[in-house]
Amino acid sequence: MEHSVNTVHKKRNIGELYGKYGIVTILVMIFIIASILSKNFLTQANLTNVLRQIVVITILGFGATFVLISAQINIAYDALIAAIGCMSCITMVKTESVLLSVVVGIAIGAVVGWAYGFFVTFFNMPAFIVGLAINTIARGAILMITGGKNVSGLGKFSVIGQGYIGPIPIPVIIMFVLLFVSWIILNKTCFGRHVFAVGGNPAAAVASGINADSVIRKVYVLDGIMAAVAGIIFMSRMASGQPSAGDGYAFDAITAVVVGGASLSGGSGNVIGTIIGAAIVGIINNLMNLMNVSSYWQQIVKGVIILLAVIIDVQTKKATSKAKKD
(Lines give C-alpha, C1' and ligand atoms only; values in the text may rest on other atoms or scores of the structure.)
Protein backbone atom coordinates (compact mmCIF):
# COMPACT_ATOMS: atom_id res chain seq x y z
CA MET A 1 0.00 0.00 0.00
CA GLU A 2 2.80 2.36 0.95
CA HIS A 3 4.64 1.50 -2.27
CA SER A 4 1.48 2.32 -4.29
CA VAL A 5 1.09 5.69 -2.57
CA ASN A 6 4.74 6.52 -3.23
CA THR A 7 4.32 5.61 -6.91
CA VAL A 8 1.29 7.92 -7.19
CA HIS A 9 3.19 10.80 -5.62
CA LYS A 10 6.18 10.14 -7.88
CA LYS A 11 4.03 10.24 -11.06
CA ARG A 12 2.31 13.40 -9.89
CA ASN A 13 5.64 15.04 -9.04
CA ILE A 14 7.08 14.18 -12.45
CA GLY A 15 4.08 15.77 -14.16
CA GLU A 16 4.29 18.86 -11.94
CA LEU A 17 8.06 19.18 -12.43
CA TYR A 18 7.73 18.99 -16.21
CA GLY A 19 4.95 21.56 -16.15
CA LYS A 20 7.16 23.97 -14.18
CA TYR A 21 10.67 23.33 -15.47
CA GLY A 22 10.51 21.03 -18.51
CA ILE A 23 10.24 23.77 -21.12
CA VAL A 24 13.08 25.75 -19.53
CA THR A 25 15.27 22.63 -19.53
CA ILE A 26 14.54 22.08 -23.23
CA LEU A 27 15.45 25.73 -23.99
CA VAL A 28 18.78 25.41 -22.14
CA MET A 29 19.59 22.15 -23.91
CA ILE A 30 18.82 23.56 -27.37
CA PHE A 31 20.84 26.71 -26.56
CA ILE A 32 23.86 24.57 -25.61
CA ILE A 33 23.50 22.34 -28.68
CA ALA A 34 23.24 25.39 -30.97
CA SER A 35 26.37 26.95 -29.44
CA ILE A 36 28.28 23.70 -30.07
CA LEU A 37 27.08 23.15 -33.63
CA SER A 38 27.69 26.70 -34.85
CA LYS A 39 30.58 28.95 -33.82
CA ASN A 40 28.59 31.99 -34.99
CA PHE A 41 25.59 31.31 -32.77
CA LEU A 42 26.94 32.94 -29.60
CA THR A 43 28.01 36.19 -31.26
CA GLN A 44 26.26 39.30 -29.97
CA ALA A 45 25.03 40.20 -33.44
CA ASN A 46 23.45 36.77 -33.96
CA LEU A 47 21.80 36.61 -30.51
CA THR A 48 20.36 40.09 -31.05
CA ASN A 49 19.13 38.92 -34.45
CA VAL A 50 17.42 35.88 -32.86
CA LEU A 51 15.72 38.14 -30.32
CA ARG A 52 14.48 40.47 -33.05
CA GLN A 53 13.28 37.56 -35.19
CA ILE A 54 11.13 36.03 -32.46
CA VAL A 55 9.28 39.28 -31.70
CA VAL A 56 6.54 38.79 -34.32
CA ILE A 57 6.09 35.09 -33.47
CA THR A 58 5.99 35.85 -29.74
CA ILE A 59 3.44 38.65 -29.98
CA LEU A 60 1.23 36.49 -32.20
CA GLY A 61 1.79 33.76 -29.62
CA PHE A 62 0.49 35.93 -26.78
CA GLY A 63 -2.85 36.25 -28.57
CA ALA A 64 -2.81 32.57 -29.56
CA THR A 65 -2.22 31.63 -25.91
CA PHE A 66 -5.55 33.17 -24.90
CA VAL A 67 -7.24 31.55 -27.89
CA LEU A 68 -5.89 28.05 -27.20
CA ILE A 69 -6.60 28.26 -23.46
CA SER A 70 -10.23 29.03 -24.32
CA ALA A 71 -10.25 25.85 -26.49
CA GLN A 72 -10.38 27.84 -29.75
CA ILE A 73 -7.88 28.38 -32.56
CA ASN A 74 -6.91 31.07 -35.05
CA ILE A 75 -5.17 29.99 -38.26
CA ALA A 76 -5.52 33.34 -40.09
CA TYR A 77 -2.36 35.00 -38.77
CA ASP A 78 -0.47 34.76 -42.07
CA ALA A 79 -2.92 36.93 -43.98
CA LEU A 80 -3.71 39.18 -41.00
CA ILE A 81 -0.05 40.17 -40.72
CA ALA A 82 -0.08 41.17 -44.39
CA ALA A 83 -3.51 42.85 -44.43
CA ILE A 84 -3.33 44.80 -41.18
CA GLY A 85 0.34 45.65 -41.61
CA CYS A 86 -0.26 46.99 -45.12
CA MET A 87 -3.29 49.01 -44.03
CA SER A 88 -1.14 50.66 -41.38
CA CYS A 89 1.47 51.41 -44.05
CA ILE A 90 -1.16 52.88 -46.37
CA THR A 91 -2.41 55.08 -43.53
CA MET A 92 1.16 56.22 -42.88
CA VAL A 93 1.68 57.17 -46.52
CA LYS A 94 -1.64 59.07 -46.64
CA THR A 95 -1.35 60.89 -43.30
CA GLU A 96 2.37 60.80 -42.42
CA SER A 97 1.30 60.11 -38.84
CA VAL A 98 2.94 57.16 -37.09
CA LEU A 99 0.43 57.33 -34.24
CA LEU A 100 -2.60 57.32 -36.53
CA SER A 101 -1.21 54.45 -38.61
CA VAL A 102 -0.73 52.36 -35.43
CA VAL A 103 -4.20 53.24 -34.13
CA VAL A 104 -5.80 52.32 -37.47
CA GLY A 105 -3.96 49.00 -37.53
CA ILE A 106 -4.96 48.11 -33.97
CA ALA A 107 -8.57 49.13 -34.64
CA ILE A 108 -8.71 46.88 -37.72
CA GLY A 109 -7.23 44.03 -35.72
CA ALA A 110 -9.84 44.45 -32.99
CA VAL A 111 -12.69 44.51 -35.53
CA VAL A 112 -11.41 41.42 -37.36
CA GLY A 113 -10.96 39.66 -34.00
CA TRP A 114 -14.51 40.53 -32.98
CA ALA A 115 -15.82 39.24 -36.34
CA TYR A 116 -13.89 35.98 -35.85
CA GLY A 117 -15.42 35.53 -32.40
CA PHE A 118 -18.88 36.52 -33.63
CA PHE A 119 -18.94 33.87 -36.35
CA VAL A 120 -17.64 31.23 -33.95
CA THR A 121 -20.15 32.00 -31.18
CA PHE A 122 -23.27 33.33 -32.92
CA PHE A 123 -23.34 30.81 -35.78
CA ASN A 124 -21.59 28.06 -33.81
CA MET A 125 -19.07 27.67 -36.63
CA PRO A 126 -15.84 25.69 -36.15
CA ALA A 127 -13.00 28.14 -35.46
CA PHE A 128 -10.81 26.36 -38.00
CA ILE A 129 -13.31 27.01 -40.82
CA VAL A 130 -13.76 30.65 -39.80
CA GLY A 131 -9.98 31.00 -39.86
CA LEU A 132 -9.74 29.59 -43.37
CA ALA A 133 -12.39 32.05 -44.56
CA ILE A 134 -10.86 35.09 -42.86
CA ASN A 135 -7.38 34.16 -44.06
CA THR A 136 -8.62 33.97 -47.66
CA ILE A 137 -10.69 37.16 -47.44
CA ALA A 138 -7.91 39.16 -45.79
CA ARG A 139 -5.30 38.02 -48.31
CA GLY A 140 -7.56 38.72 -51.28
CA ALA A 141 -8.65 42.11 -49.94
CA ILE A 142 -5.16 43.45 -49.35
CA LEU A 143 -3.93 42.19 -52.72
CA MET A 144 -6.88 43.97 -54.34
CA ILE A 145 -6.30 47.21 -52.38
CA THR A 146 -2.57 47.31 -53.13
CA GLY A 147 -2.74 45.78 -56.59
CA GLY A 148 -0.23 43.25 -55.33
CA LYS A 149 2.45 45.96 -55.08
CA ASN A 150 4.51 46.85 -52.01
CA VAL A 151 3.63 50.03 -50.11
CA SER A 152 6.74 52.23 -49.91
CA GLY A 153 7.66 55.69 -48.63
CA LEU A 154 6.96 54.94 -44.95
CA GLY A 155 9.30 57.53 -43.45
CA LYS A 156 9.38 57.45 -39.64
CA PHE A 157 7.12 54.38 -39.54
CA SER A 158 10.25 52.23 -39.87
CA VAL A 159 11.40 53.31 -36.40
CA ILE A 160 8.86 50.94 -34.80
CA GLY A 161 10.55 47.87 -36.21
CA GLN A 162 14.11 49.11 -36.67
CA GLY A 163 14.70 51.66 -33.92
CA TYR A 164 16.51 51.36 -30.60
CA ILE A 165 16.11 52.85 -27.15
CA GLY A 166 19.68 52.76 -25.91
CA PRO A 167 21.08 49.34 -26.83
CA ILE A 168 17.64 47.63 -26.85
CA PRO A 169 15.61 47.27 -30.07
CA ILE A 170 12.17 48.92 -29.83
CA PRO A 171 10.35 45.75 -31.01
CA VAL A 172 11.93 43.81 -28.13
CA ILE A 173 10.72 46.45 -25.66
CA ILE A 174 7.21 46.23 -27.12
CA MET A 175 7.35 42.43 -26.83
CA PHE A 176 8.22 42.51 -23.13
CA VAL A 177 5.62 45.19 -22.39
CA LEU A 178 2.97 43.00 -24.03
CA LEU A 179 4.30 39.99 -22.11
CA PHE A 180 3.73 41.86 -18.84
CA VAL A 181 0.27 43.08 -19.87
CA SER A 182 -0.76 39.62 -21.09
CA TRP A 183 0.50 37.98 -17.88
CA ILE A 184 -1.48 40.43 -15.75
CA ILE A 185 -4.67 39.90 -17.76
CA LEU A 186 -4.35 36.13 -17.75
CA ASN A 187 -3.29 35.62 -14.14
CA LYS A 188 -4.60 38.57 -12.15
CA THR A 189 -8.04 39.42 -13.58
CA CYS A 190 -11.51 37.88 -13.54
CA PHE A 191 -11.39 37.76 -17.33
CA GLY A 192 -8.26 35.60 -17.20
CA ARG A 193 -9.93 33.18 -14.79
CA HIS A 194 -12.98 33.04 -17.05
CA VAL A 195 -10.75 32.19 -20.05
CA PHE A 196 -9.33 29.19 -18.19
CA ALA A 197 -12.80 28.17 -17.01
CA VAL A 198 -14.35 28.32 -20.49
CA GLY A 199 -11.50 26.34 -22.02
CA GLY A 200 -11.27 23.79 -19.22
CA ASN A 201 -14.95 22.98 -18.79
CA PRO A 202 -17.43 25.09 -20.82
CA ALA A 203 -20.53 23.49 -19.28
CA ALA A 204 -19.31 24.13 -15.74
CA ALA A 205 -18.33 27.69 -16.67
CA VAL A 206 -21.81 28.43 -18.02
CA ALA A 207 -23.41 26.79 -14.97
CA SER A 208 -21.38 29.08 -12.71
CA GLY A 209 -22.75 32.17 -14.49
CA ILE A 210 -19.95 32.88 -16.97
CA ASN A 211 -21.05 34.11 -20.40
CA ALA A 212 -18.83 31.78 -22.45
CA ASP A 213 -19.68 33.39 -25.80
CA SER A 214 -18.77 36.84 -24.49
CA VAL A 215 -15.46 35.53 -23.15
CA ILE A 216 -14.62 33.91 -26.49
CA ARG A 217 -15.42 37.09 -28.42
CA LYS A 218 -13.22 39.13 -26.08
CA VAL A 219 -10.42 36.59 -26.48
CA TYR A 220 -10.57 36.97 -30.25
CA VAL A 221 -10.59 40.78 -29.98
CA LEU A 222 -7.45 40.60 -27.85
CA ASP A 223 -5.97 38.13 -30.33
CA GLY A 224 -6.77 40.49 -33.22
CA ILE A 225 -5.03 43.37 -31.44
CA MET A 226 -1.92 41.24 -30.90
CA ALA A 227 -1.97 40.22 -34.58
CA ALA A 228 -2.20 43.90 -35.52
CA VAL A 229 0.82 44.84 -33.39
CA ALA A 230 2.76 41.93 -34.88
CA GLY A 231 1.82 43.01 -38.42
CA ILE A 232 2.81 46.62 -37.77
CA ILE A 233 6.20 45.59 -36.37
CA PHE A 234 6.78 43.19 -39.26
CA MET A 235 6.07 45.77 -41.98
CA SER A 236 8.02 48.43 -40.13
CA ARG A 237 11.03 46.11 -39.93
CA MET A 238 10.74 45.43 -43.68
CA ALA A 239 10.42 49.21 -44.32
CA SER A 240 7.52 48.55 -46.70
CA GLY A 241 4.03 47.10 -46.75
CA GLN A 242 4.21 43.67 -48.36
CA PRO A 243 0.78 42.23 -49.27
CA SER A 244 2.21 38.78 -50.02
CA ALA A 245 4.14 38.47 -46.75
CA GLY A 246 3.30 36.51 -43.61
CA ASP A 247 3.43 32.92 -44.83
CA GLY A 248 4.35 30.46 -42.08
CA TYR A 249 3.81 32.76 -39.12
CA ALA A 250 0.58 31.08 -38.03
CA PHE A 251 2.31 27.73 -37.79
CA ASP A 252 5.32 29.16 -35.95
CA ALA A 253 3.15 31.07 -33.47
CA ILE A 254 0.91 28.11 -32.66
CA THR A 255 3.98 25.87 -32.43
CA ALA A 256 5.56 28.27 -29.93
CA VAL A 257 2.41 28.26 -27.77
CA VAL A 258 2.07 24.47 -27.82
CA VAL A 259 5.79 23.94 -27.18
CA GLY A 260 5.40 26.44 -24.34
CA GLY A 261 2.90 24.18 -22.60
CA ALA A 262 -0.55 25.21 -23.86
CA SER A 263 -2.96 22.40 -24.62
CA LEU A 264 -4.77 22.23 -27.95
CA SER A 265 -7.79 20.93 -26.05
CA GLY A 266 -7.96 24.10 -23.93
CA GLY A 267 -7.80 24.92 -20.24
CA SER A 268 -4.03 25.27 -19.84
CA GLY A 269 -1.23 27.54 -20.98
CA ASN A 270 0.73 30.63 -19.97
CA VAL A 271 2.46 33.52 -21.70
CA ILE A 272 5.81 32.85 -20.00
CA GLY A 273 5.78 29.41 -21.60
CA THR A 274 4.86 31.04 -24.90
CA ILE A 275 7.89 33.33 -24.98
CA ILE A 276 10.13 30.39 -24.05
CA GLY A 277 8.50 28.29 -26.77
CA ALA A 278 9.05 31.12 -29.25
CA ALA A 279 12.71 31.28 -28.20
CA ILE A 280 13.06 27.54 -28.83
CA VAL A 281 11.47 27.85 -32.29
CA GLY A 282 13.58 30.93 -33.03
CA ILE A 283 16.86 29.30 -32.00
CA ILE A 284 16.11 26.19 -34.07
CA ASN A 285 15.24 28.33 -37.12
CA ASN A 286 18.38 30.41 -36.62
CA LEU A 287 20.60 27.35 -36.19
CA MET A 288 19.26 25.73 -39.35
CA ASN A 289 19.93 28.96 -41.27
CA LEU A 290 23.46 29.20 -39.87
CA MET A 291 24.09 25.59 -40.95
CA ASN A 292 22.57 26.23 -44.40
CA VAL A 293 19.90 23.58 -43.91
CA SER A 294 17.52 23.29 -46.85
CA SER A 295 14.18 25.07 -46.42
CA TYR A 296 12.47 21.74 -47.15
CA TRP A 297 14.21 20.11 -44.20
CA GLN A 298 13.34 23.13 -42.06
CA GLN A 299 9.64 22.51 -42.68
CA ILE A 300 10.05 18.84 -41.75
CA VAL A 301 11.84 19.76 -38.52
CA LYS A 302 9.10 22.22 -37.55
CA GLY A 303 6.45 19.57 -38.14
CA VAL A 304 8.35 17.08 -35.99
CA ILE A 305 8.70 19.68 -33.22
CA ILE A 306 4.97 20.31 -32.92
CA LEU A 307 4.25 16.57 -33.04
CA LEU A 308 6.69 15.98 -30.19
CA ALA A 309 5.24 18.90 -28.22
CA VAL A 310 1.71 17.53 -28.52
CA ILE A 311 2.85 13.99 -27.65
CA ILE A 312 4.63 15.27 -24.53
CA ASP A 313 1.58 17.33 -23.56
CA VAL A 314 -0.80 14.37 -23.97
CA GLN A 315 1.45 11.90 -22.15
CA THR A 316 2.14 14.31 -19.29
CA LYS A 317 -1.57 14.97 -18.82
CA LYS A 318 -2.31 11.22 -18.91
CA ALA A 319 0.34 10.51 -16.29
CA THR A 320 -0.84 13.34 -14.03
CA SER A 321 -4.51 12.37 -14.43
CA LYS A 322 -3.79 8.71 -13.68
CA ALA A 323 -1.74 9.64 -10.64
CA LYS A 324 -4.61 11.74 -9.27
CA LYS A 325 -7.15 8.96 -9.84
CA ASP A 326 -4.90 6.41 -8.18
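The axes in this tour are lines fitted to C-alpha atoms, over the stretch in contact when the element is a helix. Keep in mind that what you have open is a predicted model.

**Stop 1: α3 and α5**

Start by selecting residues 77–95, which form helix α3, and residues 127–146, which form helix α5. Their axes come within 8 Å and cross at roughly 30 degrees. Look along the pair and you'll find that α3 passes α5 in a left-handed crossing.

From α3, pick D78, A79, L80, A82, A83, C86, M87 and I90; they meet I134, N135, A138, R139, I142, I145 and T146 in α5. Colour this contact by class and you get 11 nonpolar, two polar and two charged residues.

**Stop 2**

While you're on cysteines, is C89 buried or exposed? C89 has a relative accessible area of 0%, so it is buried. Jump to C190 for another case: its relative accessibility is 47%, so C190 counts as partly exposed.

**Stop 3: α2 and α11**

Next, bring up helix α2, residues 44–69, and helix α11, residues 249–259. These two pack at an angle of about 65 degrees, with their axes 8 Å apart. Here the crossing is right-handed as α2 passes α11.

For the contact itself, select V56, I57, L60, G61, A64, T65 and L68 on α2, then Y249, D252, A253, A256, V257 and V258 on α11. By class, that gives 10 nonpolar, two polar and one charged residues.

Stay on α2 and click N46, which is part of this helix. N46 has 9% relative accessibility, so it counts as buried. What is N46 in contact with, leaving aside its neighbours within four places in sequence? Show N40, F41, N286 and L290, and you have those partners.

**Stop 4: α7 and α10**

Select residues 170–188 for α7 and residues 212–238 for α10. The angle between them is about 175 degrees, with the axes 11 Å apart. Angles over 145 degrees count as roughly antiparallel, and α7 and α10 are therefore roughly antiparallel to each other.

To see where they touch, show P171, I174, L178 and S182 in α7, together with M226, V229 and I233 in α10. This contact has six nonpolar residues, one polar and no charged.

**Stop 5**

Finish with the backbone. Most residues other than glycine have a negative phi. Which way does A239 go, positive or negative? Its phi is positive, near 65 degrees, and A239 is not a glycine. You'll find A239 in the loop between α10 and α11, and it is partly exposed, with a relative accessible area of 33%.

N292 also has a positive phi, of about 55 degrees, although it is not a glycine. Look for N292 in the loop between α12 (271–290) and α13 (295–325). With a relative accessible area of 69%, N292 is exposed.

How values were computed: Residues numbered from 1 in each chain as written. Predicted model: local features only at pLDDT ≥ 70, side-chain atom pairs only at ≥ 80, totals over all residues. Heavy atoms only, no water. Axes fitted to C-alpha atoms, helices over the stretch in contact; angles between N-to-C directions. Helix = DSSP H or I, 4+ residues; strand = E, 2+ residues; numbered from the N terminus. Parallel < 35°, antiparallel > 145°, perpendicular 65-115°, else oblique. Contact = heavy atoms within 4.5 Å. Nonpolar A, V, L, I, M, F, W, Y, C, P; charged D, E, K, R; others polar. Left-handed = near helix turned anticlockwise from the far one by under 90°. Buried < 20%, exposed > 50% of the residue type's maximum accessible area, 1.4 Å probe, protein only.
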